[in-house]
Amino acid sequence: MKLKLIWMPLVCLILGALIGSILTFSVPVLYAKYLSIAVLAALDSLLGGIRAILEHSFDGTIMLSGFFTNALLAAALAFLGDQIGVDLYLAAVFAFGLRLFNNLGYIRRYIVNNIRKNRIAKKQLKKQGLNDEIQ
Amino acid sequence: MKSNSKLPWQVPLAIALLIFGFLVTIQYNTQVQLNNSLENQKTEDLVAIVKSLNENRNKLENELAELTSTYQSLDLKDSLEKQIEQLSNFIGTVPVIGPGITITITADSPLMNVDLVDIINELRVTGAEAIAVNDVRITSYTSIGEGVDANNNAIITINGSRLLTPVVIKAIGKPATLQEGLTFPGGIIDNLNTLYNIYPTIKQSEKLTIPAANVNTDPIYKKKYEAPVIDNTATPSPGTNVIGQHPAI
């Protein structure tokens, strides 16, 4: 059960991509900008969720609500910015981009630390094993 | 993992990823479309596109002109072929088939060339479309004359050569009308019967074949007459001064 669940997100990602490419549906050119900012926000939320998983503080409801509201709000803000002549679009790109890289950096650091910790643990285990053998 | 979350972490992540994948592909589609739209092309590319499209258009226009001329020539060919058919029918250079009558005059009849001409004329009057005497097609070039043979007996000539007996006249037309035109009381057959003791036999048939005439269609002496064109632009003869024109330098 656990093993199957591990692959579920990846399968779903591929499935979503497949649905999107089968439908060959495309947004009107006018709204392409808002969709792109929504995608950026969604990506940020996803990375935030993965970070939370690694931090063992993941909450599905919070992640999903963040995912949708961030995407929608980003698009809405960009739209509003266009209406009033302010490039809020850029602000959203900046904010989400920053957060995205923060999250990425955290995930990277976590993975590197984890690998390092594992290696040290293995070495210690080996050493212990050697000591046990010697003794 | 927090205990208050009922679902394992994979489920919400999977949902988010599903939607994310979908959104990304849609955005990708849109972006591809955007990049392919003319507005996003470089000016040089646009110029190249316009050039190639223009070339293509010119090529297609040439093709269209070619095809139109071919079509017209085909049309012309059709109409020419029809005209040839009509003309050759008219001058009798094609063999024809149709209903009509056959008049046979036996060898012992004192037939004269004028009688033959009268019969042919009568047939023409009653609407014969093609006539042949002894399988010689009667056309506008056919001559029917008289002559003498070696024994000084009068003979009938057709196109200069002797008409042999029995004389068989075939005519294509409405059989009943043709026969009626010849045999009415006081008509030509009646005259031949009573005056010369010639008794032609007339037979109606549904299918008569009349051969083609041997007509020389390439005249040697006659030429088509062209009405002289009055040339207004002729250069004035030297010495005559035309008002409004500069003298040649």
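## Model and confidence

The model is predicted, so local features need pLDDT of at least 70, side-chain atom pairs count only at pLDDT 80 or more, and totals for chains, interfaces and linings use all residues. Residues are numbered from 1 along each chain as its sequence is written, while chains are lettered from A and ligands numbered from 1 in the order in which they are written.

The predictor gives the complex an ipTM of 0.80 and a pTM of 0.46. Chain B has an average pLDDT of 83, with 89% of its residues scoring at least 70; pLDDT is the predictor's confidence in each residue, from 0 to 100. Over residues 1-5 of chain B the pLDDT is below 50, and beyond near neighbours in sequence this stretch has 8 contacts in the model, a contact being two residues whose C-beta atoms, placed from the backbone, lie within 7 Å.

## The sheet of chain B

In chain B, 5 strands form an open sheet with antiparallel pairing, in the order β3-β2-β7-β1-β8. Strands (E, at least two residues) and helices (H or I, at least four) are DSSP runs, numbered from the N terminus, and two strands pair if DSSP finds at least two bridges between them. Because β3 (136-137) and β8 (201-210) of chain B stand at the edges, each with a single partner strand, one side of each is left without a neighbour in the sheet. Strand β2(B), residues 130-133, pairs with β3(B) over 2 bridges in the antiparallel sense, and Val133(B) stands opposite Val136(B) in β3(B).

Helix α3(B), residues 113-125, lies across β1 (96-105), β2 and β7 (167-172) of chain B and runs at about 160° to β2(B). Helix α4(B), residues 175-183, lies across β1, β7 and β8 of chain B and runs at about 25° to β1(B). Axes are lines fitted to C-alpha atoms, for helices over the stretch in contact, and angles run from 0 to 180 degrees between N-to-C directions.

## Where the chains meet

The axes of helix α2(A), residues 32-54, and helix α1(B), residues 10-36, come within 9 Å and cross at roughly 150°. The two helices are therefore roughly antiparallel to each other, a term for angles over 145 degrees. By class, the contact of α2(A) with α1(B) has 15 nonpolar, 6 polar and no charged residues, where Ala, Val, Leu, Ile, Met, Phe, Trp, Tyr, Cys and Pro count as nonpolar, Asp, Glu, Lys and Arg as charged, and the others, Gly among them, as polar.

Between the chains, 29 residues of chain B are in contact with 37 residues of chain A. The side of chain B that touches chain A divides into 19 nonpolar, 9 polar and 1 charged.

How values were computed
Angles under 35 degrees count as roughly parallel, over 145 as roughly antiparallel, 65 to 115 as roughly perpendicular and the rest as oblique.
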